[in-house]
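Please read the following report beside the sequence and the model, which are shown here.

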Amino acid sequence: MNFYRTVDIDWFKQRLVMVMFCVTAAFAILVARLFFLQVIEGREYRRLSENNCIRLQAIAPTRGLIFDRNGKTLVDNRPAFDLSIIPRDAKNIETTLEKLAAYTGLPLSRMETNFSENRGRNSYNPVVLAQDVGREVLAVVEARKFELPGVVVDFKPRRHYLYDGFAAHLIGYLGEISRKEMESDRFAGYKSGSAVGKCGAEKIYDRLLRGEPGGRQVEVNASGQVVRVLKTVDAHPGNNVYLTIDFALQQKAESLMDKRAGAVVAVDPATGDVLAMASSPSFSQNAFVDGLSGDAWRALVDHPYRPMENKAIQAEYPPASTYKIITAMAGLEEDVIDTETTVTCPGYYRYGNRVFRCWKRGGHGKMRVVDAITQSCDVFFYHVGQNLGVERLAWYAKACGLGRPTGVNLFSEASGLVPTTQWKRKQLGKPWHGGETINVAIGQGYNLVTPTQMAVLIAAVANGGTLRKPVVLEQVRTAEGKSIRRGTADILGTLPASEATLDILQKGLYEVVHDRHGTGWWMVRSGKVDISGKTGTAQVVASPPEGMEDEEEIAEALKPHAWFIAFAPSNAPEIAVSVIVEHGEHGSTAAGPVAKQLIEAYMADRESKTS
């Protein structure tokens, strides 16, 4: 019995010794670590503790560049400096701001306003006082940094539009992210104060362009000044975007539309590539980057000719006589007319107790369909439209791509309007009248289209009937030059027309420009390239823009809009163009010459590259 008790006691003692050894070893390690931290490294950690700090600083990435289809740089970045203050480090914010204003000459009231508007909950986050301050302010702050605790100057690449106002509606511009945008899924991960695309390619391809931010771990002193950089993670630059537009052609389109309101859209009929998209008047993109004042913004918004609107895709106009392409197509396909059908035009068309006039007061005499397209005879198309009815006209218009967005990769594209009896009853609560069909047949009345829709339509007539979605993206490349995305040339459908019908339409459009009686013969016929096209004169609502008081301006604002849609060369089309000149009055004299000069410039450039 005593033997077993002796064994148990010995076993317990051995265990106790092992436990005590482990405890002693643990305490020894702990004491050694404390000695290392407090004695050997004590001075270093005391300094860090007293100065409170290791912080993380964000490094803004360089935003990707934007080029035209040939690699010409349209948008790049320039160096800029933002003046900020870190509330936690500032001893007395009011005093510091007063000193800063005295030393730099920056308005004190502006900095105080920016501080109150931009300050967040985290007192360690820098609050921007002034953007793009220049190197002289940087020099002042560096020289007096001990008198300006918490004041920092950050380097941030700033967007620079090399040709300010060039393709502004297509390229877009940058602006500070709004609260509403911050709350949306589209901008998940973005921080307050971030610059984001507000329209055009800058908005559509924002995530591809912006790059990946980096950061650095820094040690700062009690005044918030950086003592040393501990670790850096480099920012990754954004991808570069190549648009389908041709710089020279876009520049030509804008120069032709200078001081005139309207839009020009040029596309490649074979691919759908947008070669030019000009909306006039334009606006300064750099003004938004530099910070637009409230008065300057109101001047843009209140401008009677809407410079902030992309008229190529957002403005809606009656198509006028360009719509006669659809009326002729429907009439031929539905056997309402054929190539030998004649309609006599005395200069007017009677329907019930109403008289609808032809644009030519004396009339055109006997007209066949090709003649009617060539001379744009209203009476012929009144007759065809009345026999078709509004519902069949509407079906063909929709099948030709009208009444819905084209799908071009830009925000806020309008749908236009294809009126029907059901639409009128639902929207206006009134029945459809036969006389309204007559107006629809020549592109007036409730009809509404965008210039881009008409470019797609005339391109389809040119290429043999394929409706192609307009493409504005040529490709996206990484900063190293690797292609990671290309624009897709989707097919929207085909025109509801046989090959025979398309031949008739193409012949009529050719004669518009090349026949002596054609509406485009005098002003559009070119000695350099065969052009086919259609003129149009769209009546406007009889009321001037709001706020317009000058009688001459009012008279100008009530003039009709001028249309011309075209393709060239006629026998092997390489370009299709849609032009609308607001209040240009006549398509043949206002819009036609724009299309002609644009086509000539494009074909001359093509020939020079191939020769």
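For sorting residues by class, Ala, Val, Leu, Ile, Met, Phe, Trp, Tyr, Cys and Pro count as nonpolar, Asp, Glu, Lys and Arg as charged, and the others, Gly among them, as polar. By these classes, the lining of the largest cavity has six nonpolar, three polar and two charged residues. The model is a predicted one, in which local features need pLDDT of at least 70 and side-chain atom pairs count only at pLDDT 80 or more, while totals for chains, interfaces and linings use all residues. Residues are numbered from 1 along each chain as its sequence is written, and side-chain values use heavy atoms, with hydrogens and water left out.

**Cavity and pocket**

On a 1 Å grid over the protein atoms alone, a cavity is a set of points where a 1.4 Å probe fits but cannot get out, whereas a pocket is an open set with protein on both sides within 12 Å along at least five of seven lines; lining residues have an atom within 4 Å of a point. Grid points are joined across faces, edges and corners, and a volume is the space filled by probe spheres set on the points. Searching the whole structure gives one cavity of 30 Å³ or more, and the largest cavity holds about 60 Å³ of space. Its lining includes V267, D268, P269, N463 and R468. Helices (H or I, at least four residues) and strands (E, at least two) are DSSP runs, numbered from the N terminus. Helix 19 (451-463) and strand 19 (466-468) each supply at least two residues of this lining, and helix 19 gives the most, with four residues.

The second largest pocket contains about 570 Å³ of space, and of the 21 residues that line this pocket, S321, W359, D378, T537 and H586 are the closest to its centre. Strand 23 gives the most to the lining of the second largest pocket, with four residues, and by class this lining has five nonpolar, 11 polar and five charged residues.

Six strands form an open sheet in the order 7-3-2-12-20-21, with mixed pairing, where two strands pair if DSSP finds at least two bridges between them. Strand 7 (158-161) and strand 21 (483-486) stand at the edges, each with a single partner strand, so one side of each is left without a neighbour in the sheet. Strand 3 (residues 73-78) and strand 7 run antiparallel and are joined by four bridges; D76 stands opposite H160 in strand 7.

**Two buried side chains**

Buried means under 20% relative accessible area, exposed over 50%, and partly exposed in between (1.4 Å probe, protein chains only). H169, in helix 6 (residues 168-171), is buried with a relative accessible area of 8%, and E202, in helix 8 (residues 200-204), is buried with a relative accessible area of 0%. A polar contact is a pair of N or O atoms within 3.5 Å; within protein, one must be able to donate a hydrogen and the other to accept it, and residues adjacent in sequence count only if both atoms are side-chain atoms.

| Side chain | Partner | Distance |
|---|---|---|
| E202 | R63, side chain | 3.1 Å |
| E202 | R159, side chain | 2.9 Å |

Contact means heavy atoms within 4.5 Å. Not counting residues up to four places away in sequence, H169 touches residues including G200, S279, F283 and N310, while among those that E202 touches are I66, V75, Y161 and L209.
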